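Trainee: Hi! Could you show me how to read a helix in a protein model?

Mentor: Happy to, let's look together.

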Amino acid sequence: MFKFTYFTSIFFVLTLLINSLNLSVFSLPNNLNKTSPPITKEKDWSIWQPWVDFPFDDIQVGLSNMDLGGMMDFEYSCFGSVSDENNTLKQETYWYRIADKVERIGQDNYVTIEVGCWLNNEFKSTTTLTGIKN
């Protein structure tokens, strides 16, 4: 009887120890890139940033029908539909980056902006827009 109780106690302690080791391993994030693109600077571009943080006060976008239509095609390629129902998904999955090159035409400074939807640990689709810096 004593040996069985002793064995049960050791088995219980070992089980707790093994489970605590497993919990600490599984509690770490699997991969930070699953929810966002790699946050590294690529040549000629800024780093990727969430679309909800886009500096609309500093850069005007959607000035041409081509950009507006391009964004609708982009949304459709990301979600299979174009509707207000995608607004939450856009906030969670749309990312942008701005080209370093600024092109001056007349009094306006134009920049190229790339927008991508990050789904399943990759960009499902990307599009480019032209913006005017204020």
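Mentor: Helices (H or I, at least four residues) and strands (E, at least two) are DSSP runs, numbered from the N terminus. This is a predicted model, where local features need pLDDT of at least 70, side-chain atom pairs count only at pLDDT 80 or more, and totals for chains, interfaces and linings use all residues. Residues are numbered from 1 along each chain as its sequence is written, and side-chain values use heavy atoms, with hydrogens and water left out.

Trainee: What span does helix H2 reach from its first C-alpha to its last?

Mentor: The expected span of a helix is 1.5 Å times one less than its number of residues. H2 (residues 65-79) has 15 residues and reaches 21 Å, close to the 21 Å expected.

Trainee: Which residues of H2 are buried?

Mentor: Buried means under 20% relative accessible area, exposed over 50%, and partly exposed in between (1.4 Å probe, protein chains only). In H2, the buried ones are Asp67, Gly70, Met71, Phe74, Glu75, Cys78 and Phe79. Seen down the axis, they fall within an arc of 140 degrees, so they line one face of H2; the arc is that of the directions from the helix axis to the C-beta atoms. On the other side, Asn65, Met66, Asp73 and Tyr76 are exposed.

Trainee: What do the buried residues of H2 pack against?

Mentor: Contact means heavy atoms within 4.5 Å. Their partners are helix H3 (87-93) and the strands E3 (94-105), E4 (108-119) and E5 (122-133).

Trainee: What comes just after H2?

Mentor: Gly80, with a positive phi of about 80 degrees.
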